[in-house]
Each structure stands twice: as C-alpha cells, then as structure tokens.
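Hello,

Here is the structure we talked about handing over. My notes follow it.

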Amino acid sequence: MMRLLNLFRRHKTFSHGGIHPLEYKERTAGLAIRRLPFAPRIVVPLAQHKGAPAVPLVTVGQQVVRGEPIAGADGHVSVPMHAPATGRIAAIDLWPTAEGPKAPAIVIEVSQAANQAVLYDEPVDILALSREEIVQAVKDAGLVGLGGAAFPSHVKLAAPPDKPIRTLLINGCECEPYLTCDHRVMLEKTEALLHGIRIVMHATGAERALIGVEDNKMDAVRAIADKLADDGPISVHAVEAKYPQGAEKMLIESLLGEQIPEGGLPLDLGVAVYNVGTLAQMGELLPLGRGLIERVVTVSGPAVVHPGNYLVPIGTPVGFLLQQVGADAAANEVILGGPMMGMTVASLDVPVTKGVSGIVVYAAGDADQQPRTVYPCIKCSRCVEVCPMHLNPSMLGQLAQKREYGRMEQEHHLSQCFECGCCAYVCPSNIPLTQYFRIAKAINRETPAVAV
Amino acid sequence: MFRGKPVEIRTAPHLKRPQGVDEIMRNVVYALLPIAGFSVWQFGISSLALIVTTTLVAMLTERLFSHLSGRGNTLKDWSVVITGILLALTLPPGFPLWMAAVAAFVAVALGKALFGGLGYNVMNPALVGRAFVQAAFPVAITTWTPAFAPGRFTEFVPSTLTLPFMKPNPVGEWIVGLNIDGFTGATPLAMQKFQHIFVSTTDLFLGGVVGSSGEAPALLILLGGLYLAARRMLDWRIPVGVFAGAAAVVLPLWLYDSFTYPSPLFVWFSGGLMLGAWFMASDMIASPVTPLGAFVYGALIGVLTVVIRLFGGLSEGVMYAILLANAASPLIASITQPRVYGQARRQGGRA
C-alpha cells in the first residue's frame with residue numbers, strides 16, 4: 001500500500017537545473033523487443049569498455065560458435081568478448097569506431113547455414129557462490145554498464161573493504177529523448193532484472209536496493225512493484241521525468257537526498273549505481289553461465305521508417321541495422337546513444353558495441369539539423385539555471401573563448417561538468433558550450449599544472 | 001559494405017531549444033510597443049517622431065558599425081531596436097529631434113559598438129545615450145510638456161522641430177496658449193522633492209502625469225514586464241530586487257515622517273523606476289548572470305535610486321542608479337557564483 005501511495009506523491013528529483021526536451025518516445029515505447037536477421041559480417045572491437053582492451057584468443061580463419069569467448073580480459077579493469085554469431089574469423093584488423101580513430105577488432109564472417117544457437121553455457125546456482133566467485137562470473141560474462149558508460153560491471157562489485165556498498169541504486173530513468181530500450185527491458189524482463197539485483201546485493205552485501213524510474217514510465221514502475229514484497233529490501237521509486245535524471249549524480253540526489261562530494265565516487269556514500277539493462281542481462285546470463293553477446297537497442301529518429309526496440313548482436317554494423325529499419329537512404333546524421341549525449345558516427349561501418357543503447361537517425365533538413373546563427377553570450381543566465389551541477393556555463397564559455405582553460409578548472413570547477421548538454425540546449429545564442437568544455441577538459445588533461 | 005555513403009558529424013547535444021537571441025529581443029520589442037503606443041496617445045506626434053527618430057538613428061548607427069567591423073548585418077538580432085525605443089521613452093516628449101538623434105548615435109556608438117557590439121556592452125546602451133544628453137543638454141532634458149494637450153495629433157511641440165545644433169525653441173508661450181489648468185511643468189518627483197506635493201498613486205499607476213515619454217503608464221509597463229518574465233525572457237529577480245531595495249530604504253523613512261518622505265508605492269510608480277526596473281535594469285548583458293547576483297544587483301539599483309532621489313541634487317535617480325549597478329555587475333557576479341554540486345557537503349559519508 002505504501003508503494004501505491006508513492007505513485008500519487010509529487011515525484012522526487014534533483015535539486016537544481018535540468019531541462020524538459022520533447023521526449024519522442026511514443027513511437028517506440030509500446031513496441032515489444034524484436035530480433036532482426038544476423039548481419040553477414042559482425043565486427044567485435046576489442047575496446048568496447050572503459051579500461052584495457054581485450055586480448056584476442058582466436059586466430060584468423062578459425063571457426064567460432066555463438067557465445068564462445070574470442071578475447072580475454074587484460075587485467076582487472078577489462079572484460080572478455082564472446083562471439084555474437086557462429087561463423088569464421090575473417091580478420092583481426094583496424095576498424096572504424098564511434099569515437100573516431102580506427103581500433104583493433106575481430107571480424108566474423110557469419111555462417112549463413114548455422115542455426116545460431118548458443119552452445120556455450122555452464123548453468124550454476126549463482127546465489128550459492130561466494131562474493132569473489134560472483135565477481136569473477138560477472139567479469140567472465142563480459143558485462144559492462146549498458147546505459148552508455150560501458151564501465152566493467154565487476155569492478156564496481158569489488159568495492160574496497162573500507163568502503164562497503166550499503167545501498168544499491170538501479171537506474172531505470174532513461175532520460176534521453178527517443179530511447180525506450182530500458183523501458184521495454186523493465187516491462188519484458190522484470191524477473192531477470194530482479195534476479196540481477198539479488199545477485200548484486202548478494203555479491204556486495206548491500207542492505208537495500210532502490211530502483212529509480214522516471215514518472216513517464218509508470219507502467220514499468222507498476223510492473224516492477226507487482227513483483228516485489230512490500231517490506232522487502234528492494235523498492236521501486238518514481239522520479240520526475242527531467243533530463244538528466246539518469247545521470248548517476250542526479251539519481252543519487254533524487255533518491256537519497258545526498259550529493260557526491262566534488263571529485264568523489266558514489267562509493268564515498270556507500271552507493272553503487274547500475275543500469276536496469278545491465279542487471280537484466282546479469283540476471284539472465286549468470287545463471288546460464290553465458291557471455292554478453294547481444295543487447296536491446298532503440299532505433300528511432302525522423303529518418304527511420306520502422307523504429308523499434310531491437311535485440312541486436314554486439315558487433316552488428318550500424319549500416320546493416322539501418323537497412324533493416326529502412327533508414328539507410330535518408331540517413332544524414334547517425335547518433336549512437338541518445339540525442340543529448342550521443343556521438344555521431346563518421347562511417348556506417350561502425351559496429352554496435354556493448355554501450356550503445358540507441359541509434360537515432362536524422363535526415364537532411366530535419367528541424368534539428370538546421371544551421372543556427374551563433375551570437376555572442378547575452379548573459380541571459382539560462383545555462384546557469386539549467387546546469388544540474390550548478391556550474392556557471394556562461395562564465396566557463398567566455399573563459400573557453402579566451403582559451404583560459406586552467407582558470408576554468410581552478411576557479412569554476414570545469415571537471416564537475418559531465419557534458420549533459422543542458423547549457424548548449426537552452427543557449428539562445430547557440431553557443432556550442434558543451435563542445436567548448438570537452439575541448440577544455442581534453443587540453444587540461446594534457447596540462448600537468450591543472451590536472452586534477 | 002557501406003563505404004562511400006556520407007554522413008554528417010556533429011557534436012552533442014543534437015537537440016536544441018529553438019528560441020534564439022533574435023526571438024527574445026523581438027519579444028522585448030513587442031512588450032515595449034504598448035508603452036510606446038500609450039506615449040504617442042498621450043503626447044501625440046511629437047512622441048511618435050521622437051520614437052521613430054531614435055530607433056532609426058540607432059539602427060543606422062548599428063548598421064554602420066557592423067559594416068565597419070565586418071561583422072555582417074547585426075540588425076537581425078533586434079537588440080538595437082530595443083535600445084532605440086527605450087531611449088525615446090526616457091526622453092521628454094518635446095525633446096528636440098536633433099538632440100535625440102545625437103543621443104541615439106551616442107547610445108549605440110559609445111554604449112555598444114565601442115565595446116564590441118551585442119553581448120559585450122558594459123552598460124545599458126540606451127542609458128549611456130541618455131546620460132550623454134543629460135550632461136550635454138541639461139535644460140532641454142528637463143523641459144516637460146503637458147500630456148493630452150489638445151491638438152497633439154496635429155501639431156508638434158515647438159521644441160521638437162528645433163533645427164540641428166540650435167537651442168531648443170521655447171515652449172513656455174505654447175504651453176500658456178494651450179490654457180491647461182494648473183500645469184506647472186513639474187514632474188511628480190520634482191513636486192514631491194521640492195514642494196512636498198504628492199501625486200496620487202492611482203494617477204501614477206494609470207498614467208497621464210507629467211514626465212518622460214515612457215514614464216507614465218506603470219500598469220502597461222507592469223504588463224509588458226510580466227509577459228516577458230512569464231516567457232522567461234526577463235529575470236524576475238531583477239525587478240523584484242529593485243522594488244525590494246527601494247522599499248527597504250524608503251519604508252522606515254516614510255513611517256518616521258510621511259509628510260517629508262514618499263510612500264514605497266509612490267517611489268515604485270513614480271518617475272522611471274517602473275520602466276527602469278522592468279526594461280533597463282533587466283538588460284541581460286549588463287546584469288549579473290548568477291541568480292543571487294541578480295537580486296543583489298536589483299536591490300542595489302533600488303537603494304541607489306531612492307538615495308539619489310531623496311538626498312541627491314536631482315529629483316530622479318534611476319538612470320544613474322542603473323548605470324552604477326551595471327558597472328558593479330561583473331563584481332557582483334564574481335562574488336555570487338553558484339555553489340557547485342557536491343561542494344558544501346564534503347563531510348557527508350552516510351547513505
């Protein structure tokens with residue numbers, strides 16, 4: 001009953017800033033997750049995650065079976081890769097990435113005759129394992145944050161003993177416009193999600209788990225609440241639909257009322273944050289002893305004829321996906337991730353990687369593609385009002401124009417900026433503030449005097 | 001496989017709220033139009049000629065300097081139109097047109113272009129222009145003509161059509177000829193300051209008193225200002241700060257001696273405070289960008305206005321108050337920086 005009452009309360013949110021862009025979610029929110037045909041060629045980059053790239057375990061010409069490990073983790077902050085399809089290793093070569101430079105990747109010629117069954121599994125009673133064994137199992141599954149950060153999941157599980165994880169936050173906000181894959185996962189894979197939460201609680205010893213979902217997805221809140229005991233350690237909470245609610249720092253403040261100290265980690269508050277997609281995969285893969293070989297991707301945007309939420313094998317080239325959804329002809333700008341923080345690809349050969357939650361495609365001439373005049377800053381203070389980190393983007397932007405990157409860090413907390421894009425979104429002068437800050441941070445990283 | 005198909009590369013965010021600078025500035029012009037319209041109704045063709053002159057000269061000056069500095073046509077951002085209209089509204093309705101043209105040129109040339117154009121001006125350009133003519137033509141700028149004069153739509157105030165570089169044509173005989181009862185040529189503020197006569201607040205609120213072209217209709221100014229504030233094209237903290245600052249000084253004095261000192265309502269609705277608070281102090285470019293700073297800045301204007309009005313040599317102080325606060329605004333902004341996320345709660349550690 002308490003949970004039902006929660007539904008009628010004004011929903012919690014973070015204390016400062018945020019924006020309400022048009023959501024564009026209605027086209028795909030009601031569409032169930034579907035599979036698409038396999039691409040004839042699948043490309044698995046060795047660096048799809050934060051940390052050290054994986055090391056190939058296969059040689060060119062070798063046959064691989066769907067689910068078979070093809071690259072091993074290189075150290076603690078690294079994860080292995082598994083073959084997303086049965087086929088033959090065609091090459092281990094440089095391949096275009098979303099970030100820009102080409103990077104090593106394993107190219108698999110998909111066998112058209114294979115039935116693509118996953119033959120690599122090793123069912124275990126996961127909750128009977130020790131903490132260390134679970135951490136290893138999560139690592140072996142190649143799991144990374146599927147919300148976009150692609151940080152190896154097992155690293156967050158293995159918290160140092162002096163900073164135990166007491167609270168688990170599960171991020172089901174999905175605040176980026178267009179994206180609905182997490183929404184569908186929460187509706188269709190509720191059991192797997194809850195099982196994933198239990199696994200992480202078991203592995204970390206967390207006392208409670210809070211699932212945060214934006215209040216534009218009340219059906220997901222209800223679907224999860226229906227499967228929870230009222231007084232159990234897991235609870236689901238609606239939070240205000242406001243971008244960037246799904247940012248780690250924002251969700252922590254919304255649900256717990258606390259801010260992470262500047263330069264600190266969620267761990268400093270005894271908190272770990274996981275994306276719902278990650279935990280649903282964890283709940284599904286770990287009991288079977290399988291690796292991460294596919295993920296749900298929302299393909300949407302004005303140029304897409306058949307938008308939807310698709311279960312896509314990791315490594316599927318973006319161009320193939322666009323052909324399948326009827327977007328290849330009109331595609332002018334292709335964004336991996338959401339339109340607020342996503343990256344445009346320079347080539348349609350770029351594959352879908354573990355961190356890609358959505359593909360948004362614009363055609364030439366769409367309203368958001370129009371060039372806009374850039375005016376000088378008129379100090380309207382809108383950017384100051386919307387910055388969720390309560391920075392002063394106006395001042396930062398003026399310093400960036402003068403290339404005073406050091407002062408931006410030392411006097412105005414530049415490194416607290418996580419590039420959510422709210423400032424650039426509202427700027428009436430059309431100043432590319434977020435891009436300025438990316439450049440400034442990149443330069444500061446190379447300048448030892450201002451390094452943080 | 002897909003090689004050769006060109007796609008564009010852009011940086012995030014890929015979405016943009018459509019409202020741009022030109023739209024904001026255009027809406028400020030819309031909000032000013034009723035005030036200008038009332039001024040024309042009240043003062044007739046002299047006021048119309050004044051508004052047209054300052055706006056045209058301001059636009060020409062802007063175009064000249066944008067051409068000289070090779071920045072293309074900056075008229076498209078509409079900001080100079082605001083300067084032109086605002087300037088006219090701060091001048092007496094019978095102000096000689098050639099002097100108005102000088103004011104408009106100075107406003108844009110010295111107040112704006114010299115600093116680098118839109119976004120870089122330190123002070124409100126319209127007030128820079130007015131301050132210049134206040135110093136250059138002290139008599140003309142304090143010569144007030146009656147509102148609702150008969151024949152105001154057919155004949156100019158004599159001083160309006162003064163030949164360039166000439167002394168203003170005298171208006172004394174013309175005013176006597178109008179035969180308006182009790183017209184002394186003193187503004188409500190001057191009457192309060194020098195004669196201790198208070199004009200009723202209702203008259204101030206609904207317009208029709210002696211003063212500058214745009215001083216009178218407080219109600220219209222309020223409506224325009226509220227429209228902009230509702231559309232978030234104006235920071236409501238600034239006018240609120242101005243009114244609070246003014247009241248903070250005058251309220252104790254008024255309670256102490258209501259014969260000598262005006263009431264807060266009189267202070268709010270008289271002179272240029274309404275127009276100044278809503279349309280000049282709120283000039284985004286010359287006001288602090290921080291929310292707290294906007295309050296401080298507004299309050300400073302309110303306090304300075306009242307101090308100048310009550311204790312200075314002038315009967316009106318809004319212009320100098322705003323110019324002073326403009327000059328202080330970078331300082332105010334720098335000491336009112338927002339508290340960054342995660343700063344004050346360093347000692348936190350419990351979940």
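The contact between the two chains takes 61 residues from chain A and 42 residues from chain B. Please keep in mind that this is a predicted model. On the side of chain A that touches chain B, six elements each supply at least two residues: α7 (248-256), β15 (331-336), β16, α11 (393-401), α13 (422-426) and α14 (433-445) of chain A. β15(A) gives the largest share, five residues. By class, this side of chain A has 32 nonpolar, 19 polar and 10 charged residues.

Domains of chain A

Chain A is divided into three domains. Domain 1 covers 2-30 + 122-288, domain 2 covers 34-120 + 291-363, and domain 3 covers 382-450. For domain 1 and domain 2 of chain A, the C-alpha centres lie 24 Å apart. Their contact takes 29 residues from domain 1 and 33 residues from domain 2 of chain A. On the domain 1 side, the elements that give two or more residues are α2 (131-140), α4 and α8 (276-285) of chain A. That side divides into 16 nonpolar, eight polar and five charged residues.

The sheet in chain A

Which strands make up the open sheet, and in what order? There are six, in the order β1-β14-β13-β17-β15-β16 of chain A. The pairing is mixed. The edges are β1 (34-35) and β16 (343-344) of chain A, and each of these pairs on one side only. β15(A) and β16(A) belong to this sheet, and both also supply residues to the side of chain A that touches chain B.

Within the sheet, β13 (294-300) and β17 (358-363) of chain A run parallel. Three bridges join them. The bridge partner of T298(A) in β17(A) is G358(A).

Helix α4 (181-188) of chain A lies across β13, β14 (308-313) and β17 of chain A. The helix runs at about 130 degrees to β13(A). α4(A) is also among the elements on the domain 1 side of the contact with domain 2 of chain A.

Domains of chain B

The domain assignment of chain B gives domain 1 (21-143 + 145-184) and domain 2 (188-199 + 233-336). Their C-alpha centres lie 22 Å apart. Here 16 residues of domain 1 are in contact with 13 residues of domain 2 of chain B. On the domain 1 side, α1 (21-43), α3 and α5 of chain B give two or more residues. The residues of that side divide into 10 nonpolar, five polar and one charged.

Helix pairs in chain B

α3 (79-90) and α5 (125-136) of chain B also pack on each other. Their axes come within 8 Å and cross at roughly 40 degrees. That makes α3(B) oblique to α5(B). The crossing is right-handed. From α3(B), the contact is made by T83(B), L86(B), L87(B) and T90(B). From α5(B), it is made by P125(B), A126(B), G129(B) and R130(B). By class, the residues of this contact are four nonpolar, three polar and one charged.

The second pair is α9 (218-230) and α12 (273-280) of chain B. These helices pack at an angle of about 15 degrees, with their axes 9 Å apart. α9(B) and α12(B) are therefore roughly parallel to each other. Their crossing is left-handed. α9(B) contributes A218(B), I221(B), L222(B), G224(B) and G225(B) to the contact. α12(B) contributes M274(B), L275(B), W278(B) and F279(B). Seven of these residues are nonpolar, two are polar and none is charged.

Backbone details

Where are the cis peptide bonds I noted? One runs from Y243(A) to P244(A), with omega near 0 degrees. P244(A) lies in the loop between β11 (234-239) and α7 of chain A. α7(A) is one of the elements on the side of chain A that touches chain B. Another cis bond runs from A12(B) to P13(B), with omega near -5 degrees. P13(B) is found in the segment before α1 of chain B.

W78(B) has a positive phi, near 70 degrees, and is a residue other than glycine. W78(B) sits in the loop between α2 (45-68) and α3 of chain B.

Best wishes

How values were computed: Residues are numbered from 1 along each chain as its sequence is written. Chains are lettered from A and ligands numbered from 1 in the order in which they are written. This is a predicted model: local features need pLDDT of at least 70, side-chain atom pairs count only at pLDDT 80 or more; totals for chains, interfaces and linings use all residues. Two strands pair if DSSP finds at least two bridges between them. Helices (H or I, at least four residues) and strands (E, at least two) are DSSP runs, numbered from the N terminus. Two residues are in contact if their C-beta atoms, placed from the backbone, lie within 7 Å. Axes are lines fitted to C-alpha atoms, for helices over the stretch in contact, and angles run from 0 to 180 degrees between N-to-C directions. Domain bounds come from an automatic or database domain assignment. Ala, Val, Leu, Ile, Met, Phe, Trp, Tyr, Cys and Pro count as nonpolar, Asp, Glu, Lys and Arg as charged, and the others, Gly among them, as polar. Angles under 35 degrees count as roughly parallel, over 145 as roughly antiparallel, 65 to 115 as roughly perpendicular and the rest as oblique. A crossing is left-handed if the near helix is turned anticlockwise from the far one by less than a right angle, and right-handed if clockwise.
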